[in-house]
Amino acid sequence: MSLPIFGSQPTDNTPIVGIDLGTTNSLVAYVPAAASESGARNPMILKSREGKNLIPSVVSFMDGKPVVGYAAKEHKVRDAVHTIFSVKRLLGRGFDDLKGSLGTLPYKILPGQGIIRIQVGDRVYTAVEISAAILRELKLSAEQALGMPVTRAVITVPAYFNDSQRQATRTAGRLAGLDVLRIINEPTAASLAYGLDRKRQGLIAVYDLGGGTFDISVLKLNDGIFEVLSTNGNSLLGGDDFDQALANQTIHDIRTQWGINAAENATLHAAILEAAENTKIALSSQDHFTLEVKVDSERVFRHEWTVEAFEALVQPILEKTREPCLKALADAGLKPSDLSDVVLVGGPSRLAAVQKIARDIFGRDPNNSVHPDEVVAAGAAIQADILAGRNRDFLLLDVVPLSLGIETYGGLMSTLIPRNTRIPTVARETFTTFADRQTGVDIHVLQGEREKVADNRSLSRFKLKGIQPMPAGMPRIEVSFLIDADGILQVAAKDLKTGSEQSIEVRPSYGLTDAEVERMLLASMDHAEADAVWRRLVGVKNDAEAVLVAAEKRLPDAFRLLPEPDARKIEQHINELRTALKTEHIESIQRASSHLNQASIRLAELLFKDVIAQSVDGNQ
Amino acid sequence: MRSGLVAVDQASPRNCNSCGTALATGFLCTHCGRLQPLGSEENYFSVLGFAPRLQLDTVLLEKRFYELSRALHPDRFTTSDAENRRISTERMTLINDAYRNLKTSALRRSYFLKLFGFHSAANQKNPRIPVELAETWFELQDALAESPTEAASKLRGFEVELGEFRARKLQALLAIEAEVDAALDKLDPAQSAGTRSDAIAVLAEKLLAEVQGETYLDSMTQNMEHMKKLLL
């Protein structure tokens, strides 16, 4: 079926570029307005102002002025305290999130509440501003390459970036003078470039190990439709961790050899990190390499690394990619053998160790034919071309990466939109009150995979007022979640009896952090069992409490209508249930509750007769 | 339980909401380029171009989903005006939900029943173990109390029996589904609008009973899997 579409002609002819804002390197790409001779709409990587494809994501301040790219990278060691790298790992995060997740950095991060601040000389910057400096360099490079102004862009982020990090990326774009038309996920972007060759169809997995994050996405490619089936990841895992592992080993060896604490010396620390990165890169093409660091004017530290020793060092890091891959496959309802291809993306995928683990997880040789550094930017350019209305053959159907829901009685998260739901989407569910004559309810919006509220991330809270006072359980409150194609969530709550309605757009100023997403996910894998037991306990307790309240209310009737020993028995069972409810023992609560029920059967019958008799009396 | 059988409107010729030109497709005016707002009569079946049936050609379902996504996804309207963008999001939301609910037979069944006014919770009776399975089940319970090795072997036996029983029940369910669909096919769409069909209501009741049986068997399978984890 082909349909003529109107109403979406591009409103102006300024180009929309695709940007891969990476942890280590960034790129900008563009699909030229005129198709190639074959009619293919192929993206091209735009050269940086330094004449290269890659722009290192490094910002160095020289006399307070930012320099970006290779020029800045040269300062990483020489002027370590004024040179910021890997800032993507700080984007949209708070100081508290960094503990243990980041390794040590030679530049200075200020402790404090809220957004992370970096001190450079006498100035303080946020990660958003540093990212904006990189984006500005990308914009200028694109303008120089294309010979026209560039004001609109599609920017990629890790699939596991949370709302806060996505918003921070958008903000950085705006600061750089770019209208960010869409934020898309890196593995999905990679799949667009991979699938540019239309012969590539079927089910694929994109294994994307970047500098700072790991993403896995499972997609179905069908005649230009790119349907994301599931996505998972580990946002605290990347090639940087290999550098950190090598650096930590080096710092340890230097301390053992000479008693010097290299981590306290910013310049030496930066030199070690650089030597570690060089060693990692060298070991992707040769089988041994000597890591060398000049410790001071007299001493040089040397250590010969073999590929085997390096692989043994990073194996525990790589092993962490297995669980997310298996989860993503399970969520898509697939076995590894259903896949027609496994695509490796990201600089670290050049390492034999990465190819090995991917082969081991998926039971097949991974495809490393795509350019691991350029494929994400190329995909972003293709999405830009789609949004510009120039590519009508391709379409990306994306999903939400994490479940969304609200808090319900008992401290439980009730999920409205499960992870991997296709967007745009809407979900509505009806809830009720727990207390009598309750006139307001708190709507607490949550993100995460765990059962208990406290284990998930709080996105937002608001209050629905004006509920008609009624006995508990009577009001009907409809909560709806709407997510648009941009992934922005809108939540509304409505009292179906009075029509009273409240809604908010959830734009967390300080959203779910990487570390939290990560902790939640890892924890949810570990604690699925414990969560299920806990949820059952809450359910059983709620039921038993209802039985208890009803029985307590009817106890005077018991003494009125039943022989005294029977009434005493009910009283005794009430006490037993009350005691049982103080424990967390499901079986004894259930037992006590069922004993009380049994003991009350006769009373219920008598009460029922009583009611009938009274109503008959009343009718006379 | 009685149910009002709601006949779903067959697509009737309509005119553009904006310029009045007769519409070729239900959602887009080829004359002025306006997307058409969703009608209140749209449901998951109609939005994907199907008559409400329990058994659908899932290959065709996917094809329709892709075609409609290609035409209506908000990415196609990024540079369009706010109204077209809003309608595109609204339509795509419904299409996404429809596709998710119609893709698997269990969700499709439960949506179908809801659409026709049958609510599975309404006549939920205390479920009992099917007689065919009862003997092995109680033997298994006894074994659980006495010897774990005995229980493990009983459990394997029960698993086979449950699997075979479920396969038979599934056949029965599919047969009723086919019957319901055939009965719906026979209804004259013009005549049935807003009327109820007793024949279908009876069949749907039968279907509902089977669906509830399925739900019970699902939880039984779950229990069994749990036991397997503990025992084997």
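Colleague: Which residues of α11(A) are called buried?

Modeller: In this predicted model, the buried residues of helix α11(A) are Ala353(A), Val354(A), Gln355(A), Ile357(A), Ala358(A), Ile361(A) and Phe362(A). They pack against β13, β14, α7, α9, α10 and β18 of chain A. Just after the helix, Gly363(A) has a positive phi of about 65°.

Colleague: What describes the way α10(A) and α11(A) cross?

Modeller: Two packed helices are described by the angle between their axes and the distance between those axes. For α10(A), residues 322–332, and α11(A), residues 352–362, the axes come within 10 Å and cross at roughly 40°. The crossing is right-handed.

Colleague: Which residues make the contact between α10(A) and α11(A)?

Modeller: From α10(A) there are Arg322(A), Cys325(A), Leu326(A) and Leu329(A). From α11(A) there are Ile357(A), Asp360(A), Ile361(A) and Phe362(A). Sorted by class, the contact has six nonpolar residues, two charged ones and no polar ones. Arg and Asp count as charged.

Colleague: Why is Gly405(A) called buried?

Modeller: Buried means under 20% relative accessible area. Gly405(A) has 0%, so Gly405(A) is buried. Its place is in strand β20(A), residues 404–408.

Colleague: Which residues does Gly405(A) touch, leaving out those up to four places away in sequence?

Modeller: A contact needs heavy atoms within 4.5 Å. Gly405(A) touches Met413(A), Ser414(A), Thr415(A), Leu416(A), His444(A), Val445(A), Leu446(A) and Phe481(A). Leu446(A) is 41 residues from Gly405(A) along the chain, yet their C-alpha atoms are separated by 5.2 Å.

Colleague: Why do β8(A) and β10(A) count as edge strands?

Modeller: The open sheet has three strands, in the order β8-β9-β10 of chain A, with antiparallel pairing. β8(A) and β10(A) each have a single partner strand, so one side of each has no neighbour in the sheet. From one strand to the next, the twist averages 40°.

Colleague: What makes β9(A) and β10(A) a pair?

Modeller: Two strands pair if there are at least two bridges between them. β9(A), residues 117–120, is joined to β10(A) by four bridges, so the two strands pair. They run antiparallel. Val120(A) stands opposite Arg123(A) in β10(A).

Colleague: Which helix packs on this sheet?

Modeller: Helix α4(A), residues 127–146, packs on the sheet and touches β9 and β10 of chain A. The direction of α4(A) makes about 80° with that of β10(A).

Conventions: Residues numbered from 1 in each chain as written. Chains lettered and ligands numbered in written order. Predicted model: local features only at pLDDT ≥ 70, side-chain atom pairs only at ≥ 80, totals over all residues. Heavy atoms only, no water. Buried < 20%, exposed > 50% of the residue type's maximum accessible area, 1.4 Å probe, protein only. Axes fitted to C-alpha atoms, helices over the stretch in contact; angles between N-to-C directions. Left-handed = near helix turned anticlockwise from the far one by under 90°.
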